[in-house]
Amino acid sequence: MDSHQTDAQCAWRCIQSAHRILLVTHVGPDGDAIGSMLGLAWLLWPQGKELALGCEDPVPRSYAWLPGSEQVVRSVDGSYDLVISLDCSDVYRMGQVYGPNVVTTPLLNIDHHITNTGFGSINWVDPSSAATSQMILMLADTVGLAITESVAVCLLNGLVTDTRSFRTSNVNSHVLRAALRLIEAGASLHEITSRALGRRSMASVRLWGQAIDQCHLEDSILWTQVTSAMRRRWSLDANGSTGLANFLSGVREAKVVVVFTERDDGTVDVGMRAACGHDVAGVAVQLGGGGHPQAAGCTLKGDLGEVQARVLSALRCSLTGQEEESV
Ligand SMILES: [Mn+2]
């Protein structure tokens, strides 16, 4: 048995000893957040566990078709024997769902971000996994749980979205084997890729158009912004800019891409992407966020202009440092 399986066994013992369990995923959920939470729920329901599924923000439209998505609630009360955080790199990512009613409850932290702060009472953090959903599949396989079609669909959704359909640099034979297992268990790769990655509203394309029109490229840093006024113009919430940073990361002249999205609560979401050979996770951590070397982010308080100045200067510094290191 390898160390990953030992970690999975340990997480499973912790889950087995609990009956009422709160599953929590991160604010502004992506396909892996929702997929890993629902996939784990579909594994635990047949075990007779009583579950609550919490996420501060609503399930994005692209993932609302996943089985069980209607069970996800935005606030929870009551008491639990165990809280399981999924795909959260730090305690704040759980948002308000991690409220006063559960702060003293044992917390199992299951995540694949290299920047994970180890905030749980038990931490199973595996940066070699391409998605938290991949870890949930490993958990099921290690302890011998059946992969039903519902489990498979949710977990493959996580794997597909976090790897942008198997295109990221961390995709290896283990990732493809995991995907194969899920497809064999009944998940449709075509349905997931088209629903999760291939569909968007006309309004969001218009918003992208406006944001792309306003792109700046300086010192190999490509950046743009999505202001509250732009989102109002196209009647879009903060999800309207989802995918834009990934799209821009294809620009040859850019080493780093940043999309600043103004939120309604006076904060700015900073989504960063790095070309291969560069790293944005360091800057994200420095600014109180987290992520992966090639894709990371943070949320900062303050006026859009101030936040931009702060982030761009941190990125310039970091890029200079990375270049000096590589010579
Ligand atoms: Mn993830």
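Reply: A donor is an N, O or S atom within 2.8 Å of the metal (3.2 Å for Na, K and Ca); water is not among the atoms, so a site may look incomplete. The model is predicted: local features need pLDDT of at least 70 and side-chain atom pairs 80 or more, while totals for chains, interfaces and linings use all residues. Residues are numbered from 1 along each chain as its sequence is written, and side-chain values use heavy atoms, without hydrogens or water.

The manganese ion has four named protein donors: Asp 32, Asp 87 and Asp 162, each through OD, and His 112 through NE2, lying 2.1 to 2.3 Å from the ion. Along the chain these donors follow the spacing D-x54-D-x24-H-x49-D. Asp 32 belongs to helix H2 (residues 31-44), whereas His 112 sits in the loop between strand E5 (107-111) and strand E6 (122-125), so this pair ties together parts 80 residues apart in sequence. Helices (H or I, at least four residues) and strands (E, at least two) are DSSP runs, numbered from the N terminus. Both Asp 32 and His 112 are buried (under 20% relative accessible area; exposed is over 50%, partly exposed in between; 1.4 Å probe, protein chains only).

Ser 165 occupies the loop between helix H4 (149-162) and H5. With a relative accessibility of 26%, Ser 165 counts as partly exposed. Its C-alpha atom is separated by 8.1 Å from that of Leu 197, 32 residues away along the chain.

The aromatic pairs come next. Three are counted (Phe, Tyr or six-membered Trp ring centres within 6.5 Å; planes under 30 degrees apart are stacked, over 60 edge-to-face, the rest tilted). One of them joins Trp 42 and Trp 45: the ring centres are 4.9 Å apart and the planes stand at 80°, so the pair is edge-to-face. Trp 42 is partly exposed, at 27% relative accessible area, and Trp 45 is likewise partly exposed, at 25%. Trp 208 and Phe 247 also form a pair, with centres 5.7 Å apart and planes at 35°, so this pair is tilted. It links distant parts of the chain, since Trp 208 lies in helix H7 (residues 202-213) and Phe 247 in helix H9 (residues 244-248), 39 residues apart. Trp 208 counts as buried, at 12% relative accessibility.

The largest cavity has a volume of about 40 Å³ (the space filled by probe spheres set on grid points joined across faces, edges and corners). Its lining includes Leu 248, Val 251, Lys 255, Val 257 and Arg 273. Strand E9 (256-262) and strand E10 (267-274) each supply at least two lining residues.

The second largest pocket contains about 420 Å³ of space. It is lined by 17 residues, of which Gln 134, Met 138, His 174, Val 175 and Ala 178 are the closest to its centre. Helix H1 (3-16), helix H3 (132-143) and helix H5 (173-184) are the elements that give two or more residues to this lining.

Methods. On a 1 Å grid over the protein atoms alone, a cavity is a set of points where a 1.4 Å probe fits but cannot get out, and a pocket is an open set with protein on both sides within 12 Å along at least five of seven lines; lining residues have an atom within 4 Å of a point.
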